[in-house]
Amino acid sequence: MQQLITALPTEIFQHVVHYLDRQDLVECQCVCNSWYKKWIQFAYHTVYIRGKVQFRSFFYDTLQSSLMAVPYSTGYQIRKLVIENGHIEPSVLGQLPQLCPYLEVLMFDGVILSQAARRESFQYYQQRRNREELDKVRHHFALWKQMRELVELNGITVAHALLQQPTTQLTSLSVQFNNQNDRTNSKTSFIQSLQHAPHLQSLSIERIYLTVDELELIHNSCPELISLYLVGAVLLPMSSVQSQDIKPAVDMRRFQFVNGSFCDDVPRWLNYISKKYVYARRLEVGSCSFFAGAHEQEYECRPLDNALYEPHLL
């Protein structure tokens, strides 16, 4: 009976798993060695971690302690990993690709300052020390060759490393620029690297400064893009773009620009957005501010039916 069950196709196992709770999966792993190898891949397919204590227990007690059982170690079975408030230091983040090499979905809220960085006196030196430590482990992220979806808050370390590969399997990417260095020194390289993600369909960028040329480069680099979200972004003054030069994004279905700012040229930017995303089913521009020079004032963006416009497809 045991041999019959372990010989069943994976698709049937996946169907059976839907009717089992966590305790049932654990009991199935304890039946025998062959059952353990068969059921462990479903027990740890998706892992949610919340809080520093839970993450440390997961990292040290579960991942590292089971590494000797490769390829049946816990980390090798994980396909989706969600970490919330994990307080991950750079050195620990650099070990995750080796412990969980087959991740397909990763969602986490960035790294914190390492102990060495916290000992620095000034914030500038703290951030520089942290970047140096991240640079030491950056090459490890190349192990995540099967990554399809990445959500990285408070930094672009993993995203930038993945996009340095000749080609990636990413279809969904969400990043948050967390400091001035990311928005200036790393922004250009990040946008240019998007060409290595030709299958990207959904892109969300938070806290970024964008020119119209950089926005055009994003579309040229990601021909399959259907959703673009700009949150807390700053749209810089436009260059001399003529209306007839604006090429509509035919495949785009959703565009959102919320909680951002226009750095002058508001009418021209709104004209660009309306023409660029004319085929979008959902077009949202709202809760934005307008500033020019040293003066800043609130500017309600309601040119498209109270900030929400759903045009009819041609």
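Phe122 sits in the loop that links helix H8 (115-118) to helix H9 (123-137); helices here are DSSP runs of H or I with at least four residues, strands are E runs of at least two, and both are numbered from the N terminus. Please keep in mind that this is a predicted model, in which local features need pLDDT of at least 70, side-chain atom pairs count only at pLDDT 80 or more, and totals for chains, interfaces and linings use all residues. Residues are numbered from 1 along each chain as its sequence is written, and side-chain values use heavy atoms, with hydrogens and water left out.

**Around Phe122**
- Phe122 counts as exposed because its relative accessibility is 55% (exposed is over 50%, buried under 20%, partly exposed in between, with a 1.4 Å probe and protein chains only).

**Strand E10 and its partners**
- In strand E10 (residues 254-258), four of the five residues are buried, leaving the strand mostly covered.
- E10 runs parallel to strand E8 (residues 227-231), and five bridges join them; strands pair if DSSP finds at least two bridges between them.
- Phe255 in E10 is the bridge partner of Leu228.
- Five bridges also pair E10 with strand E12 (residues 282-286), again in the parallel sense.
- Gln256 has Glu284 in E12 as its bridge partner.

**The whole chain**
- The protein chain contains 13 helices and 15 strands.
- Buried residues make up 45% of its 314 residues.
- Among contacts (heavy atoms within 4.5 Å) with a separation of 6 or more, 69% are between residues 24 or more positions apart.
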